[in-house]
Amino acid sequence: MAQVLSGTKTANDIKKQLKDEITEFQQQYPDFRPGLAIVQVGDREDSNVYIGQKLKSAAEVGVIAEHIKLPRSSTQYEVLACVDKLNNDPKVHGIIVQLPLESDTVIDAHRVTNAILQSKDVDGLHQDNAGRLSRGDLDTCILPCTPRGCMELIKRTGVDVKGKNAVVLGRSKIVGAPMSDLLLWNHATVTVCHSRTADLKSEVQRADILVVGIGQAELVKGDWIKPGAIVIDCGINSIPDETKPRGYRLVGDVDYNSAKEVASWITPVPGGVGPMTVAMLLKNTVDQAKKSFVKLAVSSQWNMQYLPLHLKDPVPSDIDVAKAQIPKDVSLLAQEINLLPEEVDLYGKKKAKVSLKVLDRLKTQKDGKYVVVAGITPTPLGEGKSTTTVGLAQALGAELKKNVFACIRQPSQGPTFGIKGGAAGGGYSQVIPMEEFNLHLTGDLHAVTAANNLLAAAIEARMLHEATQTDKALYKRLVPEEKGLRKFSPIQLKRLEKLRITKTNPNDLTANEIKSFVRLDIDKETITWQRVIDTNDRFLRKITIGQGPQEKGHERQTQFDITVASEIMAVLALCTDLRDLRERLGRIVVASSKSGQPITADDLGVSGALAVLMKDTIRPNLMQSLEGTPVFVHAGPFANIAHGNSSIIADKVALKLVGEDGFVVTESGFGADIGMEKFFDIKCRYSGLVPSAVVLVATIRALKMHGGGPTVTAGVPLPAEYKEEHLDLVEQGCSNLIKQIQNANKFGVPVVVAINRFGSDTLSELNLVQGIAKENGAFDAVICNHWAKGGLGAVDLAVAVNNATKQPSNFKFLYDVRDPIESKIETIAKEIYGADGILLEPLAQEQIERYKKHGFNDLPICMAKTHLSLSDKPELKGAPTGFTLPIREARASIGAGFIYPLVGTMSTMPGLPTRPCFYDIDIDADTEEILGLS
């Protein structure tokens, strides 16, 4: 007499295990929720019953199951669209399509099941899963539910499958074929039989293990079965039985009563394989959910394909190096760094935008190491911060095999066609494709330009309309009647709230309230908002507007700035999400009223429209380095009147993607006294991110200039002092390096000095700088050659940075934002620049008092001074002392969130030189290749 293999009992055991497994996993990952989607077309009663059983069982174990019921009228396109949506939903880990499909139109069920992602095909019906199973790749495929359930039942008997004769009766794609593969790869000797097999009885009699799923009621009799065999009956059939209330009873494909007398183990029908199929569906779902969660919610080591460098000596031009490398398709790069397809919007094949949904998906993931690259005070000889940023990232990735992102600013197109050229790095440490990087990229700069100029247009239009209309006429146009009703728009309700008017019905306002509402009363002498364009054009530095016949009498002088000088660019760089962007845009102060009240973009009613223009810009742009490591290029605020750092958003997304053991390397503009200080006191203050290390970049040539070396003139050969050994100049110039090391240490962050090596540097000079740096507070000082050798030339730097980030973090801000504005300015001047104090000119003092009155005291400070010296005088190199820092003005970027004192005159619109870069830029009309870009 056979022992009964109860599928019901085994399935219950498995469901209890699954429930415990989910609970245990949630202890480590509280957001873990396995998700199953069941797609049904039509309303078949039997399908409804089966789906109901699955939903009930899912709820019992803690799987979130969703039933998507499509009407009979659904077309194949609509069903496939539904499946595609579920494929792209990270909350759904398993998808099944309930068969058969009940549709009024022809739907290819095979195509629909194959449209499910292989990793979400928890029914195991996808051709990829079937192919992997047939090859024996059991670790990479999802097993079909019924065969997996059968195997589980066989294992419960305690009989070792290995070496046994197994017969599978039936060859269906759902049961027979995959069951035979599963037995085969568990080392049984397998025979597959079917309805046309000759002498079927004798074939079955050879079976130590018999699995039947042929669809014929009670076909297999007891005398077909080998004594002691294990019998798994997958069939379910109804036969007439007048003794039953429904007039029928359910039986399998095996004659149970005769078979149980011969077999050692047998499954009943019902209560055998059926319950196991549902249990295995849930097990497949939980298994895939855990794999997905660990992969997608917890960053792991990336499976990167690094691009080999074919180094040449001498190093060719930057554009030749860039063009010699073939970038990966950005879709492949996105896959390598564990981005989901729905999180990436491709802009061609080499650049993409990345969704902020990544932050939600990886919210439980710990951040990686956060490294900022800064430099000594800049000189015309250059220090190579961008090159070091990219070279360090290449070394950490391609050489040390760390997950690493470089995050850099998007360059303005103005300098690209002017005198500076591009900003993609240099030599064998670049961002590619260079032409994409330096030109339009994904259009963020154009969006900033459009938003900025819309706000400028709103200011002029409002002043014109207020000057030419009565209060009543203004109110009628600002709050028009539509179909007999008048209502305030949401942004107008915000203005009413600001005016402390509590009424929400436009018809209830008094004449005085209407006047307050419609009259911004802008004092045009206080307008600080300028138009922008992303082109170097000196003749736009001062212009007259309002000269058209309809604007007669409303002329005023104004100017254009370059786009990256727009406060909207700084807002983009400092916002943390779309909501924060919208709020910051609304807070932008463009002028004062004649009564001295600040006028904002919200007051003008335009901030919602600005956010619409900017909605895509908040997503960082994904590119790559020459060695195929990922790079985020996002935002490009000025480093003097703004904070000169790439976006908070890009850094946050990158820190999640690299994971706890990975690295994010970002760059701050100008010298450490400007860009690094603003990175710490402004960017980190708003982001809440804690930096792990500073890389301070220096060159022997630049240090010589700080040590008193001769002036360098563009186009004139370098003086001999910069090409020959001069230890005295180097040692004296290290005063600037020492001061910048001290500046970084004031924030409690370890400093690694990167000495960019040039061919003219001598070993004595390099060793001298290394020693001075270490003696004066640097964690380490490393000689680098990444310009000539790529990541290989920055391996020592990467190792030093890795070691530095293992030090305890003692990060702290330089000042408390609640200190008075004057005090914060003085703290920066004394502590960072080495000044004796500050001198506030009357205009600056008046402006500061006004900011305090309006509640802006507690904003951080963004110093706008020359980047060529620690002092206010560009010609003073090294580490000047004994000076007082004059503060000419104090302006405010309220939307961005900082006060920026002006130490000198700041140009916000560059001009073109006698021979701009554009002389060398052209395009090959046949190949569309860009020529001459550098």
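**Legends to close-up views of the predicted model**

Among contacts in the chain between residues at least 6 apart in sequence, 74% join residues at least 24 apart. The model shown in every view is predicted.

**View 1. The whole chain and its dimensions.** Taken along the principal axes, the C-alpha atoms of the chain fill a box of roughly 110 × 85 × 60 Å. The chain has 934 residues, and buried residues make up 55% of them. Its secondary structure consists of 33 helices and 37 strands.

**View 2. Residues 5-123, a domain annotated in UniProt.** An unreviewed UniProt entry places the feature "domain: Tetrahydrofolate dehydrogenase/cyclohydrolase catalytic" at these residues. Helix makes up 49% of the chain over residues 5-123, and strand makes up 15%. The end C-alpha atoms of this span are 23 Å apart.

**View 3. Residues 144-292, a further domain annotated in UniProt.** For this span, the unreviewed UniProt entry gives the feature "domain: Tetrahydrofolate dehydrogenase/cyclohydrolase NAD(P)-binding". Residues 144-292 are 34% helix and 19% strand, with their end C-alpha atoms 19 Å apart.

View 4. The strands lie in the order 1-11-8-7-5-6, and their pairing is parallel. Strand 1 (3-4) and strand 6 (189-193) form the edges, each pairing on one side only. In general, the strands of a sheet pair through backbone hydrogen bonds, either parallel or antiparallel.

**View 5. The pairing of strand 5 with strand 6.** Strand 5, at residues 165-169, runs parallel to strand 6, and five bridges join the two.

**View 6. Helix 31 and the elements packed against its buried residues.** Helix 31 spans residues 795-804, and its buried residues are Leu797, Ala798, Ala800, Val801, Asn802 and Ala804. These buried residues pack against strand 14 (369-375) and helix 14 (385-399), and also against strand 28 (663-667), strand 29 (693-699), strand 30 (751-756) and strand 31 (780-784).

Conventions:
Residues numbered from 1 in each chain as written. Predicted model: local features only at pLDDT ≥ 70, side-chain atom pairs only at ≥ 80, totals over all residues. Heavy atoms only, no water. UniProt positions renumbered as here; feature names shortened; annotations may be inferred. Helix = DSSP H or I, 4+ residues; strand = E, 2+ residues; numbered from the N terminus. Buried < 20%, exposed > 50% of the residue type's maximum accessible area, 1.4 Å probe, protein only. Contact = heavy atoms within 4.5 Å. Pairing = 2+ DSSP bridges.
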